[in-house]
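I opened my notebook for a quick look at helix packing and aromatic pairs. Here is what I looked up, in order.

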Amino acid sequence: ADGMFDVSELKAGDIGAVIGLKNTSTGDTLIYEADKWKPKLPGISSALPVFICSIEPLTSSGYEPLNEALAIIKKEDPSFHHYLSEDTGQLLISGMGELHLEIVSNRISTHFKIPHRIGEMQVSYRATIEGTAQGTYEHSFEIGDKKQSAFITLRVEPNDRGAGNVLEVENEGEIKENLAVKQSLFKEIMTAVKEGVASGWARGCPPGFPIQDMKVTIKDVTATDNSPVTCRTAAMQAVSHYAARASPILLEPMMFVEVTVDEPHLGSVLGDLTRQRRAIVQEVLPSKFNIRIQAIVPLKEMIGYSTELRSMSQGAASFTMEFIRYDELSSYEVPKVLKQYGFLSGMMP
């Protein structure tokens, strides 16, 4: 396994390396130029990242190389994400677990040689809506003595849980007539509006909790100066404005957890899961040498679990976990989460 040799081809089942591919990403299909018509393989699907933490270089000159390193890691690992928070200005990284982000951090230090620090691990909460709201939102500002405005009329409503966000445009012909602009500018304005809606989803309600499973229907767009930038901002703010009036709720990531433990430590491990971690135990499966506990557990309760499980079982237990879905956060937990993120508990109904 530690030896390498040149080959003229790779066959099914072979594992090899190819050098010199500058624009190739994980999951791409490699084909001959003449075979473009052939179907491509579906690639690799990755689950939503559920752990978040901040990352920053130890020196001001480290921001550019850090961003370059994160872009390279993202290209290689589709389950890893990085972005700049619009609300705090922090650079954030997100992945599938504590170990995942620790490995990324270690690689930045050892491979890219960038001194940095990462913040406390946080759970990636989401928001959605249970009601419907609609209306016309105005975004206005003044440059000198000239007022610029954009008006977005839209409706927000719930989509099926897990179905994702959907954007529709009603009466596109009428919108174009009202704007009274050329086709090229109309396309630019509508693209800006769609980008604004996507930004509104990402910004969240309240800000910091990205929105999912929402349907937005654009009914009308008007602007005093027909500025795509003004329309984009109006659409983003309109989504947040009407989402806040459509019975928003917070969602937390739920994990399928399987703990393997010996019989002497079964009681303490099982009790910890049900009493301390809000676990819904599905099955307890005995075998000849150990016992497997299968449960659904909120991700928040799994932070630091590896260390605690090792201590609780004297090293005799192990666990695996996998993201399965987002569920509504209980009314008891909502105030604690809002406080953790710097919001007042009254911001949610």
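How are helix 1 and helix 2 oriented to each other? I noted first that this is a predicted model, where local features need pLDDT of at least 70, side-chain atom pairs count only at pLDDT 80 or more, and totals for chains, interfaces and linings use all residues. Residues are numbered from 1 along each chain as its sequence is written, and side-chain values use heavy atoms, with hydrogens and water left out.

**Entry: the helix pair.** I looked up the axes of helix 1 (residues 63-76) and helix 2 (residues 98-110), which come within 11 Å and cross at roughly 130°. Helix 1 and helix 2 are therefore oblique to each other (under 35 degrees is roughly parallel, over 145 roughly antiparallel, 65 to 115 roughly perpendicular, the rest oblique). I also logged the crossing of helix 1 past helix 2 as right-handed. Leu66, Leu70, Ile73 and Glu76 of helix 1 make the contact with Val104, Arg107 and Ile108 of helix 2 (heavy atoms within 4.5 Å). I sorted these contact residues into five nonpolar, no polar and two charged.

**Entry: aromatic rings.** I found three aromatic pairs (ring centres within 6.5 Å; planes under 30 degrees apart are stacked, over 60 edge-to-face, the rest tilted). Tyr305 and Phe319 form an edge-to-face pair, 5.0 Å centre to centre with 70° between the planes. Tyr305 sits in helix 7 (residues 305-312) and Phe319 in strand 14 (residues 318-328), 14 residues apart. Tyr305 counts as buried because its relative accessibility is 0%, and Phe319 counts as partly exposed at 24% (buried is under 20%, exposed over 50%, partly exposed in between, with a 1.4 Å probe and protein chains only).

Note on methods
Axes are lines fitted to C-alpha atoms, for helices over the stretch in contact, and angles run from 0 to 180 degrees between N-to-C directions. Helices (H or I, at least four residues) and strands (E, at least two) are DSSP runs, numbered from the N terminus. A crossing is left-handed if the near helix is turned anticlockwise from the far one by less than a right angle, and right-handed if clockwise. Ala, Val, Leu, Ile, Met, Phe, Trp, Tyr, Cys and Pro count as nonpolar, Asp, Glu, Lys and Arg as charged, and the others, Gly among them, as polar. Rings of Phe, Tyr and Trp (its six-membered ring) pair if their centres lie within 6.5 Å; planes under 30 degrees apart count as stacked, over 60 as edge-to-face and the rest as tilted.
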